[in-house]
Amino acid sequence: MVLQVREGQTKAVSGARYEQALGAMVFATNHFSVFAIASKTADDFRFVDVPKVHWARAVIETMVQKGLLAGRSADHFAPEEAVTRAEMMVLLARLNGAALPEVGKAPFADVQPEDWYAPAIAWAAERGLVHGVDAENFAPNAPISRQDLAVMLHNYLKDQDYALPTASAVKTFGDEAAIAAYAQESVGVLQQAGMLSGKDGGCFGPQETTTRAEAAAVLARLSAFKVE
């Protein structure tokens, strides 16, 4: 873990990772500062709302330790709260380790250059990973639907040239007709790759949202894929 030391305070640097080939920690910054490397142990896990028996505890710990996820507060992760569209873009940018652009003019009317998520959305829009909810707006604070999540993940995987497995047989969901036409291919590809599965009753739930715990699991699966 990389810590930024500033005015006597320390703050974890998101997206920092160890590159074995370089034998060094790698991270992006747009300013000079003092940085320190610290180890992170299981005792550092302080999210009181993620008990040891929680189904996603292990992947949440792993993703937090990698700097890909953070809590909603110092001691709460909010595992059952929905992931927003903006948060998903930030998570993908962190996973990618992208050097995010400075935002002079945001690509959507409802995203301001000073918004904390603006660089990630600008990066994703520039690479064609995302589209708005209409011609002008992105709806950054709206929960991301499962079908839109499928499209974003599929676009990201194609952009990064990931080798997609076909671990699962093709499945026809009970609510297949409810999946938007623009998302059908992505849902099918990710279902076969084992990235997204159906809900109880054999349905996909295209308009349902994704929780932060589920996002942690998705990130873990995504980080396990290999580039072709």
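These legends describe close-up views of charged side chains in a predicted model. Local features need pLDDT of at least 70 and side-chain atom pairs count only at pLDDT 80 or more, while totals for chains, interfaces and linings use all residues. Residues are numbered from 1 along each chain as its sequence is written, and side-chain values use heavy atoms, with hydrogens and water left out.

**View 1. Asp 175, a buried acidic residue without a salt bridge.** Asp 175 sits in the loop between strand E6 (162–163) and helix H5 (181–192). Helices (H or I, at least four residues) and strands (E, at least two) are DSSP runs, numbered from the N terminus. Buried means under 20% relative accessible area, exposed over 50%, and partly exposed in between (1.4 Å probe, protein chains only). A salt bridge is a side-chain nitrogen of Lys or Arg within 4 Å of a carboxyl oxygen of Asp or Glu. For Asp 175, the nearest side chain of opposite charge is Arg 146, 7.5 Å away; Lys and Arg count as positive and Asp and Glu as negative, with His and the chain ends not counted.

**View 2. Surroundings of Asp 175.** A polar atom of the Asp 175 side chain lies 2.8 Å from the backbone nitrogen of Gly 205. Leaving aside residues up to four places away in sequence, Asp 175 touches Cys 203, Phe 204, Gly 205 and Pro 206 (contact means heavy atoms within 4.5 Å).

**View 3. Salt bridge between Glu 87 and Arg 72.** The structure holds 8 salt bridges. In the one shown here, the N to O distance is 2.8 Å. Glu 87 belongs to helix H2 (residues 85–96), and Arg 72 to the loop between helix H1 (57–65) and H2, 15 residues apart. Glu 87 counts as buried at 14% relative accessibility, whereas Arg 72 counts as partly exposed at 36%.

**View 4. Salt bridge between Glu 87 and Arg 212.** The closest N and O atoms of this pair are 3.9 Å apart. Glu 87 lies in helix H2 and Arg 212 in helix H6 (residues 212–224), so the bridge ties together parts that are 125 residues apart in sequence. Both residues are buried. A network of salt bridges links Arg 72, Glu 81, Glu 87 and Arg 212.

**View 5. Salt bridge between Lys 199 and Glu 214.** Here the closest N and O atoms are 3.5 Å apart. Lys 199 is in the loop between H5 and H6 and Glu 214 in helix H6, so the pair ties together parts 15 residues apart in sequence. Lys 199 is partly exposed, with a relative accessible area of 25%; Glu 214 is also partly exposed, at 23% relative accessibility.

Technical notes:
A polar contact is a pair of N or O atoms within 3.5 Å; within protein, one must be able to donate a hydrogen and the other to accept it, and residues adjacent in sequence count only if both atoms are side-chain atoms.
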